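Me: I'm opening this one for the first time. Can you walk me through it?

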Amino acid sequence: MDILSIVGLILAVIAILLGAVLKGAGLHALVSAAAFMIVVVGTIAAICVQTPMQVMRRALTMFPWIIRPPSHEPAKMIKKIIEWSYIARRQGLLGLDSMIEHEPDPFLRKGLQMVVDGSEPDTIRTTLEFDMHAREMADTRAAKVFEGMGVYSPTLGIIGAVLGLMAVMQNLDDPSKLGHGIAAAFTATVYGIGLANLFFLPVANKLKVAVHARTHLEEMQLEGLIGIAQGENPRIIEGKLLGFVH
């Protein structure tokens with residue numbers, strides 16, 4: 001569990017709510033159904049128009065990563081690969097055949113299958129690098145869905161403010177409504193800028209970090225598999241993999 005994400009989200013809410021109280025606006029100033037419709041619903045509408053369905057599905061699947069990112073335990077992974085290299089040296093590559101069906105990681109399972117099948121190291125590298133970069137590209141596009149929402153919401157907040165001021169201008173003959181109307185108009189701006197800078201953009205960047213971390217782990221796995229396929233000494237393989245950790 002990513003404690004920093006939880007702390008950040010809580011502090012973001014506290015910053016806005018407590019800030020409104022300390023500034024004298026009060027919590028009631030932040031409650032606006034009209035602002036919610038214009039900014040939140042409008043942002044969702046804009047991103048739906050922009051995003052293909054498969055990318056949107058992937059973005060929703062990745063969203064929980066901000067709290068529970070994919071598990072990356074390079075030390076355990078290195079230990080596993082080194083054990084495979086010892087088995088390969090003692091029993092040959094076919095000795096790893098029983099390991100394939102017990103490997104939960106699809107990327108590692110595919111690579112191990114190619115090693116057992118006796119594929120050339122260059123073929124293994126080309127195939128797995130293609131899979132790795134294709135996955136990274138797809139996940140990065142999904143993360144940019146939230147980045148797009150961070151771009152649209154401030155603009156929609158301005159639209160909400162303009163619409164609110166238009167309503168105020170229609171009541172200039174009633175000065176008692178001007179102050180409340182102007183305050184309500186800027187609530188949409190708070191929604192738009194606040195959501196963009198305290199939620200959408202941070203979420204997008206956190207997901208990109210998780211994507212890059214996964215790619216880094218797969219690069220390490222790839223080098224380990226290539227080392228096994230080439231029959232390198234387990235100690236040499238371990239030295240290479242430790243370089244990825246540091």
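Me: How much space lies in the second largest pocket?
Reply: About 290 Å³. This is a predicted model, in which local features need pLDDT of at least 70, side-chain atom pairs count only at pLDDT 80 or more, and totals for chains, interfaces and linings use all residues. Residues are numbered from 1 along each chain as its sequence is written, and side-chain values use heavy atoms, with hydrogens and water left out.

Me: What counts as a pocket?
Reply: On a 1 Å grid over the protein atoms alone, a pocket is an open set of points where a 1.4 Å probe fits, with protein on both sides within 12 Å along at least five of seven lines; lining residues have an atom within 4 Å of a point. Points are joined across faces, edges and corners, and the volume is the space filled by probe spheres set on them.

Me: Which residues lie nearest the centre of that second pocket?
Reply: S71, M77, D105, L217 and Q221, out of 15 lining residues. Helices α4 and α8 each supply at least two of the lining residues, and α8 gives the most, with four. Helices here are DSSP runs of H or I, at least four residues long, numbered from the N terminus.

Me: What classes does the lining of the second largest pocket divide into?
Reply: Five nonpolar, three polar and seven charged residues. Ala, Val, Leu, Ile, Met, Phe, Trp, Tyr, Cys and Pro count as nonpolar, Asp, Glu, Lys and Arg as charged, and the others, Gly among them, as polar.

Me: And what is the volume of the largest pocket?
Reply: About 370 Å³. Of its 13 lining residues, I16, V190, Y191, G194 and L195 are the closest to the centre. The lining has 12 nonpolar residues, one polar and no charged. Six of the lining residues come from α8, the largest share, and α1 (3-22) is another helix that supplies at least two.

Me: Switching to α4. How far apart are its end C-alpha atoms?
Reply: They are 25 Å apart, which agrees with the 26 Å that its 18 residues (74-91) should span at 1.5 Å a residue. The expected span is 1.5 Å times one less than the number of residues. Just after α4, G92 takes a positive phi of about 85°.

Me: Which α4 residues are buried?
Reply: M77, I78, I81, I82, W84, S85, I87 and A88. Buried means under 20% relative accessible area, with a 1.4 Å probe and protein chains only.

Me: Which residues touch the most other members of the largest nonpolar core?
Reply: W84, L96, I124, L225 and I228, in a core of 26 residues. α4 gives the most to this core, with seven residues. A nonpolar core is a set of buried Ala, Val, Leu, Ile, Met, Phe, Trp, Tyr and Cys residues joined through side-chain atoms within 4.5 Å.

Me: What is L96 in contact with?
Reply: W84, I87, A88, L112, V116 and I228, leaving aside neighbours within four places in sequence. Contact means heavy atoms within 4.5 Å.

Me: Back to α8. Is K208 buried or exposed?
Reply: K208, in helix α8, counts as buried because its relative accessibility is 17%. K208 touches A143, K144 and E147, not counting residues up to four places away in sequence.

Me: And where is I226 found?
Reply: In helix α8. I226 is buried, with a relative accessible area of 3%. Beyond its neighbours within four places in sequence, I226 is in contact with P121, I124 and R125.

Methods. Buried < 20%, exposed > 50% of the residue type's maximum accessible area, 1.4 Å probe, protein only.
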